[in-house]
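This report describes selected features of one structural model.

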Amino acid sequence: MRDTNYILKVRKVNDVVAIIVSYNPKIRRFKKVIESVSKQVRKIIIVDNNSLNINKLHLLLKDLAISHKLKLIELNKNKGLAKALNVGMKEVTHASFILTLDQDTVLRDGAVEYLLYEYKKLPEHIRSKVAILHAKYENVGKRKIDKIIYNRLLLNRKELKRNKKYFVNLYPMNFVIQSGMLIKQSIAKRFKFKTSFFIDQIDREYCARLTSKGYLILESRKKLADHALGITAKIKGKTIRYEKELRLYYLARNSAYLLKKGELPILEYFLDVINLYRKFLLVKGLKKLPLLVKIYVKATIDGLLNKF
């Protein structure tokens, strides 16, 4: 593991440290990510999972270097998103919150300040239970199924009903994605991401552990980030975002594990798996169906038998 310190121009901001995990990032997009977050945090730690374009990453960071501390940690192999996040969190010695970001998540101006401002408006008995603040990256879809998923599965309706008068601009959630999490450092010290999951569903498992301990996860009602999911392909003029075979394995395996533990609603399990597998077939064609079935069966068995 190699550490490199760079200097990045930024004004004095909140006592927040950002951790960005990179793996073969698209440099132009990654530059936007760093520029968007540099305005809003005290320090940035980039943990690289042995990218093939690491030299381009070094050049980018040197080009950005002016006056604010930025640290690059290079891992000697791809150890997965969960491990990289844990490595980054271990580096944080002092901060009020730790912001975790994917390499393609661009924060909107003032996102961190907005979340902290709304958090500080909450009464102490609510603030003391908050573990994560989250920057919303997409609005609820217009389809009926999207509204059902949000209202019945993602939204923490019990907590919302109990303390509705306090949740105006921040809503209690059962689950949020890892990118855009503002995690209290006191929580990050005690709760680590599950490294055996490698990548997919590490956020779902993390949130489930926190909520089971009585902690709250609050998400902004308005969109504060732009996040790109998956690989983009054009099919008959339509843009489809899909994942490669290995990601489909991790998703199905880890989802089966969470389903067995009762930490993933069965409706959400089927919707997630079916949707991503369907998109893969749309892009790659039905000739890939036997391979997809093989991946799903192996992943499900591995997840149910705790084979990581």
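In this predicted model, Arg204 is buried, because its relative accessibility is 4%, under the 20% cut-off. Glu268 is likewise buried, at 6% relative accessibility. The two side chains form a salt bridge whose closest N and O atoms are 2.5 Å apart. This pair links distant parts of the chain, with Glu268 in helix α11 and Arg204 in helix α9, 64 residues apart.

A search of the whole structure finds 14 salt bridges. Three of them are set out below.

| Pair | N to O distance | Separation in sequence |
|---|---|---|
| Asp15 and Arg42 | 2.8 Å | 27 residues |
| Lys39 and Asp109 | 4.0 Å | 70 residues |

The salt bridge of Asp15 with Arg42 joins the loop between β1 and β2 to the loop between α1 and β3. Asp15 is partly exposed, with a relative accessible area of 27%, and Arg42 is partly exposed at 32%. Lys39 forms a salt bridge with Asp109; Lys39 lies in the loop between α1 and β3, and Asp109 in the loop between β6 and α4. Lys39 counts as partly exposed at 39% relative accessibility, whereas Asp109 counts as exposed at 66%.

In the loop between β13 and α10, Glu243 is buried, with a relative accessible area of 13%. Beyond its neighbours within four places in sequence, Glu243 is in contact with Gly230, Leu248, Leu276 and Phe280. Just after α10, Gly262 takes a positive phi of about 75 degrees.

In soluble globular proteins, nonpolar side chains tend to be buried together. The largest nonpolar core here has 98 residues, of which Ile34, Leu99 and Leu133 touch the most other members. Leaving aside residues up to four places away in sequence, Leu99 touches residues including Val16, Val37, Leu107 and Met181.

Some nonpolar side chains lie at the surface. Leu286, Leu289, Val293, Val297, Ile301, Leu304 and Leu305 form a nonpolar patch there, with about 640 Å² of accessible area together. Leu289 lies in helix α12 and is partly exposed at 38%. Leu59, in helix α2, counts as exposed at 60% relative accessibility.

Conventions. Residues numbered from 1 in each chain as written. Predicted model: local features only at pLDDT ≥ 70, side-chain atom pairs only at ≥ 80, totals over all residues. Heavy atoms only, no water. Patch = residues over 30% accessible without salt bridge, like charges linked within 9 Å, V, L, I, M, F, W, Y side chains within 5 Å. Areas by Shrake-Rupley, 256 points an atom, 1.4 Å probe, with all protein chains shown as cover. Helix = DSSP H or I, 4+ residues; strand = E, 2+ residues; numbered from the N terminus. Buried < 20%, exposed > 50% of the residue type's maximum accessible area, 1.4 Å probe, protein only. Core = buried A, V, L, I, M, F, W, Y, C linked by side-chain atoms within 4.5 Å. Contact = heavy atoms within 4.5 Å.
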